[in-house]
Amino acid sequence: MRYLSTRGHPDRRRFCEILLEGLAPDGGLYLPESYPQVGERLADLRQVWATRGYADLAFEILKLYIDDIPEADLLALCRKSYTPEVFGTAEITPLKKLEDGLYLQALSNGPTLAFKDMAMQLLGHLFEYELARRGEELNILGATSGDTGSAAEYAMRGKHGVRVFMTSPKGRMSAFQQAQMFSLLDENIHNIAVEGVFDDCQDIVKAVSADLHFKRKYRIGTVNSINWARLLAQVVYYFAGYFQATAADTQKVSFAVPSGNFGNVCAGHVARMMGLPIAHLVVATNENDVLDEFFRTGIYRVRGSADTHETSSPSMDISKASNFERFVFDLLGRDAALTRSLFSDALARQGCFDLSAHPAFAQAASTYGFASGRSTHENRLATIRDTDARLGVVIDTHTADGLKVAREHRQAGLPMLVLETALPIKFAATIEEALGRPPERPSGFDGLEDKPRRLRVMPADVNRIKAYIAARVRPQLLP
Ligand SMILES: *Cc1c(COP(=O)(O)O)cnc(C)c1O
């Protein structure tokens with residue numbers, strides 16, 4: 001398997017070459033040259049799931065995309081990552097039935113109680129493995145609006161050869177998220193609270209990554225959702241959800257996905273392209289509805305910092321969706337020149353592009369199964385209340401956005417799986433607002449907010465952040 005760039009760079013790379021990288025050299029995103037087809041093998045994979053479990057299912061799917069790690073090693077890495085000890089249940093992503101044909105798939109029982117652990121735990125082991133094999137070190141620079149950062153830090157803490165520099169928008173994460181991240185005192189973990197919004201953090205990461213000299217000298221890598229390995233890890237739970245919701249491979253299902261950077265639902269798109277019988281991929285946004293606007297109108301219009309709303313589902317507070325280019329590339333029949341012109345010219349010049357008149361736009365729904373919807377603070381509160389009162393289940397704010405939009409897209413005979421992307425304790429203030437009582441705190445998290453913290457507050461200034469990193473990393477001698 002080789003990987004290409006969505007912007008047409010001629011190089012073809014192998015999995016381990018792109019594992020430790022972010023963007024392709026031309027600013028595009030990596031995608032496999034083709035999607036392995038599993039339609040004929042679904043029964044085998046269902047059997048793997050039923051008899052050998054999640055970790056082995058992950059191995060069977062990952063090995064279709066990874067041919068530069070020996071299979072025995074890859075299997076061991078999957079088995080180290082997806083254990084009941086780390087994820088709380090033998091199923092790893094168990095399905096909970098809400099009503100006939102409506103399910104919640106729990107992706108948030110990992111160490112940081114959000115779905116990003118699903119990818120990040122594997123990534124931690126992959127990074128450590130590959131760095132040791134090369135005899136190298138890596139300094140991860142990341143941007144988080146909350147869940148990515150803590151998931152990355154919990155995955156990388158104590159790992160050999162890895163340091164994490166994680167930027168987050170100061171004061172914008174929930175109290176629980178801040179406590180989770182900032183209470184990590186491990187020497188290889190650096191928290192940087194940036195005076196700005198998430199997109200300022202993301203722009204800093206992009207700017208540093210674009211400085212190829214600095215990037216090489218300080219061995220900068222990334223774990224943002226544009227990382228292909230992360231996306232690939234997420235493909236697995238679509239299969240696990242599908243096998244739990246269905247008895248036979250003739251049955252189709254739909255997924256509703258609380259979306260921000262389009263990483264989670266893009267993994268669903270990959271699963272569907274591989275032949276998993278997914279009818280619809282329902283993109284649920286909050287008030288930051290860049291994606292819903294696109295799927296309704298064909299216009300992709302990124303927002304400025306000032307138009308990016310601070311909402312009660314903050315992990316979806318994005319102004320542009322960093323993984324979206326992958327889907328647009330597929331939607332346009334993999335036309336790299338057009339993808340490049342949209343993402344590097346039109347977006348840079350006018351902050352938007354318009355595919356409404358392009359014949360491909362209609363295919364987003366008809367050929368690729370996409371649908372979308374939007375949820376507001378009031379919708380979120382109402383959904384949390386209703387789910388608690390009628391079904392006795394407390395859901396988090398992001399999951400509530402997913403469930404609200406899922407209900408608008410249900411179809412008879414088509415099971416709908418709502419991806420539960422976080423546990424309610426992470427967003428306790430809104431749960432209390434909705435229910436008049438605090439959410440349950442899972443065992444092991446008592447007193448988290450009172451622990452000592454380690455973080456640095458900094459302005460949204462690329463050079464200051466570079467200097468901070470340079471002061472803490474031994475530079476590599478370059479020719
Ligand atoms: C990151 C996150 C999302 C959004 O996922 P994307 O992959 O960015 O679309 C939704 N919900 C929660 C809880 C998250 O942490």
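In the predicted model, contact between helices H2 and H3 involves Leu-45, Val-48, Trp-49 and Arg-52 on the H2 side, and Tyr-54, Asp-56, Leu-57, Phe-59 and Glu-60 on the H3 side. Classified by residue type, this contact of H2 with H3 comprises six nonpolar and three charged residues, with no polar ones. The packing of two helices is described by the angle between their axes together with the distance separating those axes. For H2, spanning residues 42–52, and H3, spanning residues 54–62, the angle is about 150 degrees and the axes lie 7 Å apart.

Four cavities of 30 Å³ or more were counted in the model. The largest cavity has a volume of about 300 Å³. Its lining consists of 26 residues; Phe-115, Lys-116, Gly-260, Asn-261 and Ser-315 are those that lie nearest the centre of the cavity.

Several helices contribute to this lining. At least two residues of the lining of the largest cavity are supplied by each of helices H7 (147–156), H9 (198–210), H11 (228–245) and H12 (263–273). The greatest contribution comes from H12, which provides three residues. In terms of residue class, the lining of the largest cavity contains 15 polar residues, eight nonpolar residues and three charged residues.

Conventions:
Residues numbered from 1 in each chain as written. Predicted model: local features only at pLDDT ≥ 70, side-chain atom pairs only at ≥ 80, totals over all residues. Heavy atoms only, no water. 1 Å grid on protein atoms, 1.4 Å probe; cavity = no way out; pocket = protein on both sides within 12 Å on 5 of 7 lines; lining within 4 Å. Points joined across faces, edges and corners; volume = space filled by probe spheres on them. Helix = DSSP H or I, 4+ residues; strand = E, 2+ residues; numbered from the N terminus. Nonpolar A, V, L, I, M, F, W, Y, C, P; charged D, E, K, R; others polar. Axes fitted to C-alpha atoms, helices over the stretch in contact; angles between N-to-C directions. Contact = heavy atoms within 4.5 Å.
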